[in-house]
Amino acid sequence: MTRYLSMRLLIIIPTLFTTLMIVFLLGYLGPIDPVTILRSQWAAQGIYLNEQEVADLRHQYGLDRPFFAQFGTYMDNLLQGKFGYSFTDAAPIWPRIKRSLPVSGSLALGAVIIMIVVGIPLGILAARFRNTRLDYIIVGFSLFLWSIPPFVLVPMILIISVLWFDIMNVPRGWKGVWHPSFFVAAGIISLRSLASIIRQTRGGILEVLQNDYVRTARAKGLTEFKVMARHVARNALIPVVTSMGLLVDDFMWQTVFVDLAFNFPGLGRLFTQGLSSRDFNMINGVVLFTAGLTMAINLLVDLIYPLLDPRVVYD
Amino acid sequence: MAQTDAANVADLQFELEAQDLKTRGFWSDAFKRMVRNRLSMIGLGIFALLAITAAFGPFLAPYPYMLQNLDRVAEGPSIDYLLGTDDLGRDMLSRIMWGARTAGIVAIVSTMFSVTLGILLGGVAAYLGSWADWLISRAIDVTMSIPQLLFASLIAATFRKPVADWVDMMYARTGLGFFATPTYVDLVVVFGALALIQWPGYARLIRGQILSLREKEFVEAARAVGVSQLKILLRHLIPNALGPLIVAVTFGFGGAIVAESGLSFLGVGVQPPQASWGAMINDNQLSWRYRPWLVAVPGLTIAIVALGINFLGDGLIDALNPRQAES
């Protein structure tokens, strides 16, 4: 087990390194760098830079150096725990990411809670009453939610709830966890994963229900609830846990658009800001953070397997 | 009730099967199962509508996608303009129809690229094993660890200018009219970005399929009676891996359409004035309060298309995996 864990942790380092190098290379190869954006922004304010000044600025930021020199400096800083400085306003990156974490973290947590509290029971219900109207409604509705992209859903919800029913104002900005906009946003973020959790749970349970030990449990007179809770749910949850590995990706998909729509200062907005101003350090920071999170969650998922299924043993 | 119906149908099917065992193969069986599923037929209908609109939409559209009628700016639905006009006086219906072509082309080409890449790399990984498998699996891990949307938008943002420069250069060198229009640039960039984020899913699927099928008894039996490697591949491995692949491709198709409109929404996909559903939402989202149809029409279009394709994929899962469907 220790050996397995250390192997897994060791492989994370080169994977993250390669990821970062790819993202860094994309920035390096790109035709537009932060200085180009800065120049156009200043020009809009009436400050015009000539070629020499632009070249000086690039030199000052080290953007004229060869790829490996730039990447080396970045890695060197990173190993000292520094994510570098923003090209747009020279503020350090890490405090920004740290400040966005409570927002994105609570949104993600809210979404996960919605997913587990709503998704798993609905999946169990659909499986228990399979091929009835209830099952069709649950499955059809989850497929419906899964299909609609967030940048469609957000304006639709706004049109319905603000224009038609007039039950809320347009949510702008982060107003804490207890504001209705948080629940709407967390709900939207959870939708994609919610649908897949419902389907996974339903499928898993239907497969487990066919096993002989379920018949035995029923035959020996256990209540239906106990059969489901003790014998079925535990085994059926294995595929659900597997799909947790995709959570971060789903979350980033949704949060980029949700942050834009609700003007939340979360990770998604940091990324779109970074992308539009080609703030390489910001982009690298966000990607590094989310990629690391993905790997950590995948590792966690693999560590949970043995708890659910004693047959899974690592070396 | 539904269960007894299903049981009757299964009995009937069994009798039919016993009667003409030779004429009904796996595929016609799957087809019959799919036709019985109402939702998947609705999905197929929506899919067919998208395909027809993508192919013939530009000829059927009442107006050109760029034509502005400045006397009739930002109107609601009317007889002249069935879905209204946008802020620049362009007909929404025509733009939706042109957008269908964008979505269709992107979905077909990027899925083709990523499936080819996925089959090649997944197949190589499964067949060669050892270091090739290790290398490709790590590449899959790396690609999948970067959130897809972030990766795709970075790729699209990086490669737009180089591709545009290349197209310009080709035009200057060859003088071909094909290179004169810059619209291809957006599409090529989006194809590339989507193919690069989608191939790992297919590669992982193919690798897993081949690895597990190779150990199955029927393959062992075929090998034991001396069937050649190539024939095993063609007769046993590929047909059996095809079902899951078709399902994955269907969902990938819907995913590509949503991803394209997502990139265009973020401004790194198809550029204006080209018609793209995502860009249409982005263009009009500031005026949703006063002219909600400008956002609702492209939004509903994306939602309906994505839903239809997912219904189709769901029906295909049931049709192609009879064991899972019966459970």
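**Chain B against chain A**

I began with the meeting of the two chains and found that 40 residues of chain B are in contact with 40 residues of chain A, keeping in mind that this is a predicted model. When I sorted the residues on the side of chain B that touches chain A by class, I had 23 nonpolar, 12 polar and 5 charged.

**The two domains of chain A**

For chain A I took the domain assignment, which gives domain 1 (2–84) and domain 2 (94–308). The C-alpha centres of domain 1 of chain A and domain 2 of chain A lie 32 Å apart, and I found 16 residues of domain 1 of chain A in contact with 15 residues of domain 2 of chain A. On the domain 1 side of this contact, the elements that give two or more residues are α1 (2–29) and α2 (34–44) of chain A, and α1(A) provides the largest share, 9 residues. I recorded the make-up of that side of domain 1 of chain A as 9 nonpolar, 5 polar and 2 charged residues.

**A helix pair in chain A**

I next turned to helix α12 (residues 267–276) and helix α13 (residues 280–308) of chain A, which pack at an angle of about 145° with their axes 8 Å apart. I noted the crossing of α12(A) and α13(A) as left-handed. Looking for the residues that meet, I listed A:Leu267, A:Leu270, A:Phe271, A:Gln273, A:Gly274 and A:Leu275 from α12(A), facing A:Met282, A:Ile283 and A:Val286 from α13(A). The contact of α12(A) with α13(A) holds 7 nonpolar and 2 polar residues, and I found no charged residues in it.

**The largest nonpolar core**

Last, I looked up the largest nonpolar core, which has 156 residues, and wrote down B:Ala152, B:Ala156, B:Val190, B:Ala193 and B:Leu194 as those with the most contacts inside it. Domain 1 (2–84) and domain 2 (94–308) of chain A both give residues to this core, so I placed it between them. As background I noted that, in soluble globular proteins, nonpolar side chains tend to be buried together.

Key
Residues are numbered from 1 along each chain as its sequence is written. Chains are lettered from A and ligands numbered from 1 in the order in which they are written. This is a predicted model: local features need pLDDT of at least 70, side-chain atom pairs count only at pLDDT 80 or more; totals for chains, interfaces and linings use all residues. Two residues are in contact if their C-beta atoms, placed from the backbone, lie within 7 Å. Ala, Val, Leu, Ile, Met, Phe, Trp, Tyr, Cys and Pro count as nonpolar, Asp, Glu, Lys and Arg as charged, and the others, Gly among them, as polar. Domain bounds come from an automatic or database domain assignment. Helices (H or I, at least four residues) and strands (E, at least two) are DSSP runs, numbered from the N terminus. Axes are lines fitted to C-alpha atoms, for helices over the stretch in contact, and angles run from 0 to 180 degrees between N-to-C directions. A crossing is left-handed if the near helix is turned anticlockwise from the far one by less than a right angle, and right-handed if clockwise. A nonpolar core is a set of buried Ala, Val, Leu, Ile, Met, Phe, Trp, Tyr and Cys residues joined through C-beta atoms within 7 Å. A residue is buried if 20 or more other C-beta atoms lie within 10 Å of its own, exposed if 12 or fewer, and partly exposed in between; C-beta atoms are placed from the backbone.
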